[in-house]
Amino acid sequence: AGSAAEPALTGPGAGGFLLARDPSGRLTLLDLFVAVPGLGPRGRSLDGDELDSFTVPFGGAEQVFHIGPASVATPGMVPGVAEASRRLGALDLRDLVAPAAAIAREGAPLTAQAEYLHRILHEMLTFTPEAAAIFEPEGRPLRRGERIVNPDLAETLEWIGREGPEVLTRGSLGAAVVDHLREVGGLVTAEDLSAYEVIERAPVEIEFAGATVVTNAPPSTGGSLIATALAELDREGFHGDDAERLLALARASEVANRRRDELGHEALRRSDAPDRLGIGGLSDPRRRPTGTTHVSAVDAEGGSAGLSTSNGSGSGVVVPGTGFLLNNMLGEEDLNPDGFGAIPPGQRMSSMMAPTLVLRGDRPPLAIGSAGSNRLRSAITQSIAWIVGGGMSPGMAVGRPRLHVEGGRVDVEPGIPDSVVSALEGDGWAVRRWSEQNLFFGGVSVAGPTPAGLEAAGDPRRGGGAAGVTHDGRVVALG
């Protein structure tokens, strides 16, 4: 449904990760993130000069995004969701895509937060006529309450449901993507699509505040950095008043940053990175922890799954007639630390995304994930700390003001006490104050058991919400 309701952020042109736990307790982590294109006789590597760029004004900060056809990496969303459905799901792919297709055809109303997102991404969303026709059909940004109607996407989703993932990896949809990208300067070839494989990985596992945290694994880096910060927080203790705890969070994040920099990006991608970071090893997916689990969905039998996906900032490229935006992962600076075009064709890219489970004895687990580029690791770390270490409800934890430590600077949302800001400055950090909460600081979604029962929360920074569905199809708000 996200591909229809938030087509700027995800869809068939995206990549991601799925962390699931079946009713027997078996953990499954599927890497369906993007791969670097350029395989086959027509393959070529990226030249950074081929990328276009635009600046996103977040309000308190600006960030340059690199887009265009040359920024598109080989997407993994379609084969990944199909593999997850085959291995873990109760519905076939045709039934799985039907609700999203209906939303795309009828139109999803724009929230206030999505209106803001579309405004700051205006240059990307109108980069090509095909993208502009979806996101600004009347020649202006859509306003709150207006609908994103996308019949081409509805047809594409139903096409995928009928023919399966092969329609993209080896079939006519994939041919349309490759042909269009060849015409406009993209790098994805037919060989890239057909060679793509969904990879099962062993999750990273650490202990925090008496709980077990299970998260994403190398070659992606977000899970390892979250685990490093939580392990440091566990060693130093997460106690005292709010100010003391905020300072502890900032210092734990700095420890994770320092170890990341000491290890280096390539070493952080290796499977032994958790050991080298000092946080232990990888989980055995065959081990059966006690209790049930919940990431983003739980069924009546106790199965659960969570899916984190992304288009990056989006490439601005929509293949005519398909209705979906292609990713710009080759142009994401965070994912290309050695420079654009340095990663060889066929290699799986790294990511900060980190679907995460928190297992607490016999209690059903807590499930958490976030959007937010490099800041999502801070958002997840702080939310887990406040819930597990601070005893807060999901809604309270997700709504708390956040900070993000990077490069000798700390960004702080309003509500962070002046005493904390003064202490951070005393530690030598430059502090940048924000005037309001902002999606710059991530977009957490979390669900799990509390003393009050099952609770869930979506991040107000991104207009998030939480709901349950009963056996008879009624939607029940959770919070």
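What follows is a short exchange about a sheet and a pair of helices.

Reply: Happy to. This is a predicted model, where local features need pLDDT of at least 70, side-chain atom pairs count only at pLDDT 80 or more, and totals for chains, interfaces and linings use all residues. Residues are numbered from 1 along each chain as its sequence is written, and side-chain values use heavy atoms, with hydrogens and water left out.

Me: How do you know that E14 and E15 pair?

Reply: Two strands pair if DSSP finds at least two bridges between them (strands, E, are DSSP runs of at least two residues, numbered from the N terminus). E14 and E15 have four bridges, in the antiparallel sense, so they count as a pair.

Me: Why is the crossing of H11 and H15 called right-handed?

Reply: A crossing is right-handed if the near helix is turned clockwise from the far one by less than a right angle, and left-handed if anticlockwise. The axes of H11 and H15 cross at roughly 35 degrees (axes are lines fitted to C-alpha atoms over the stretch in contact, with angles from 0 to 180 degrees between N-to-C directions). That crossing is right-handed, so the turn is clockwise.

Me: Which residues make the contact?

Reply: With contact meaning heavy atoms within 4.5 Å, they include Leu-225 and Ile-226 of H11 and Ile-380 and Ile-384 of H15.
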